[in-house]
Every structure is written in C-alpha cells, then in structure tokens.
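Try each task before you read its solution.

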Amino acid sequence: MLHEIAPKQYHVEFAKKQPGDDAVCFVFKGPEILEKMVDDVLLPPTYGEIKEKVQKYIYLFAIDDTEYYLADLKEEDIPEGYGWWIVRNAPEHRAQDQHFAEYTAYQLYVWYRDNQFCGRCGTHTEADGSLRMLRCPKCGNMIFPRITPAIMVAVTHEDKILVTRYKGRAYKGYAMIAGFNEIGETAEETVRREVLEEVGLHVSEVKYYKSQPWGIDGNLMLGYFAKLDGSSEIDLDRQELAQAAWLSRDELGEDTIRYQYSLAGDLVDAFRRGEHE
Ligand SMILES: [Zn+2]
C-alpha cells in the first residue's frame, strides 16, 4: 500500500524547524503541486532553490533524514522549469515515498488552508509552537488536524468476492464497497450499512483486516472482510455504482484492482491467498 515505504521510515512528530537547503518544499495550488519533470521523474523544489522568494513555510514531517515543508510562493517567483501538476495523477512519475509524502502533505495543506479563521468566533488562527495545532488567540479554540475515518469491505461468499464499479469517476477499474463512518456509528456498523445500501446484501462475521492513511482525500481507510449472510442476489444502488459482481478466485486477474498502492488491491490479494478466513 502507499504508506508501506520500508525500509524508509515516516516520522510524523511535530517540531518548529528551520529548513536546510536540501529540505523538500511542497507548494500546492488547489489540487496541483509545483514540480518539474527531470528524466521522467517529477521533483518538487528544495528549500535552497526557492529560499530567496519563499513567502512562508511550516515543517510537515520527515522520511528518514529528508525533511518536508509546506511553502508558499508567488506565481511570479516560480523557478525556471517548474510547473503545476495534479497531485492525484501520474504516480508512475514519482517514487513511492515521495508519492506518499505528497498525499500526506496535501491533507495538511488542506487543513491549514481551511482553518485560517476560527470557526467559533471568526478570528485569524495562529499555529501552535509545540503541537500540530491551530489556536484562536481570542477565544482559545484549539483546532487539530482532521482525519476522516471510512471503511472499505471485501464481502466474500464461498470462493467468491464482491467487486464494484463506481459511476462517474476517472478510475474505471473494480473497487470494493466503501463509505464514510457516520456520527454515532461503529466501524462495524458502517460496514453493514454500506453493504446494505450499495448492493442490498446482509453480512456477518465482520472482521478487521488493516488500515491505510489516504491523505489525498483526508481519510483513514479501515479495511474489513465480511461474509455474506443470506441471499447473494445483488440489488444495486444505481446512484452510486455502475456495476457489482461476484468474482471467483479464478476470475480475479492481477489487474482486477489496478491501483497498486490501494487497500482494495491488498484486500483482493489477501482473499486470493486465503488469508481472510
Ligand atoms: Zn475563536
């Protein structure tokens, strides 16, 4: 999965730091990031390249000894060769650790961008010096990064697994049933509700598998296996899904779930190996 970057290690501990010249600077503009293509690889600028022009910066995290910062740069100060690239696209042009770093940085960028003002009293917020937190200097409101839990579930029935296709999305391959936790609901209840809503099926033996941080959408995806309980006849939610089907192990190709970094792909692989039992 995307966050599995071993032997490299992700260090999330917050600190107020000053970038060195070789620190990596992520500059975002909506869904885009400032990068340049060098030998088929997309690279963000280092602090050394933009330090004369940078408006402001904040330390994000490190992977091994590489430190990552969120930085602001005026359009007219963009260095030669750099341009705007969609964060979500072109994973083939990024090393996995950088791809993970960009998705994770994007989540923090969105959080900083959307919490410049206190939601309680409207005052400009300030970054705390010792915690990853924004504080309102007027009313004391403390705002922490928002992580949205969501579930993904592989529903199995004998030697078959349920796959779906979403409507109106760029990704046309198969997916698993997924959805956000609602307030007041356990993750296991979300699993049962989402399966019922999306395909009209009942499940039992809801079993936690593993989780995946997914910064580009601000999620923590919680992966589950569940067994069909009752009729296997699918009643599709046509607003959300284009298709749902039971596939046997033999019908699962290597590319059934195409995106190599996803929890969905991992669930299918675990099913293929019989690890869900
Ligand atoms: Zn306030």
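**Exercise 1.** Find which strands helix α2 lies across, and its angle to β7.

*Solution.* Start at residues 96-114, which make up helix α2. Helices (H or I, at least four residues) and strands (E, at least two) are DSSP runs, numbered from the N terminus. Helix α2 lies across β2, β6 (56-63) and β7. Next, its direction: α2 runs at about 40° to β7 (axes are lines fitted to C-alpha atoms, for helices over the stretch in contact, and angles run from 0 to 180 degrees between N-to-C directions). Contact means C-beta atoms, placed from the backbone, within 7 Å.

Before you go on: this is a predicted model, where local features need pLDDT of at least 70, side-chain atom pairs count only at pLDDT 80 or more, and totals for chains, interfaces and linings use all residues. Residues are numbered from 1 along each chain as its sequence is written.

**Exercise 2.** Work out the strand order of the open sheet, and why one side of β1 and of β2 is left without a neighbour.

*Solution.* The four strands run β1-β6-β7-β2, with mixed pairing. β1 (10-11) and β2 (24-26) stand at the edges with a single partner strand each, so one side of each has no neighbour in the sheet. Now zoom in: β2 pairs with β7 (residues 66-72) in the parallel sense over three bridges (strands pair if DSSP finds at least two bridges between them). Here Val24 sits opposite Tyr68 of β7.

**Exercise 3.** Find what follows helix α3.

*Solution.* Follow α3 through residues 187-199. After α3 comes Gly200, with a positive phi near 70°.

Note on methods. Expected span 1.5 Å × (residues − 1). Contact = placed C-beta atoms within 7 Å.
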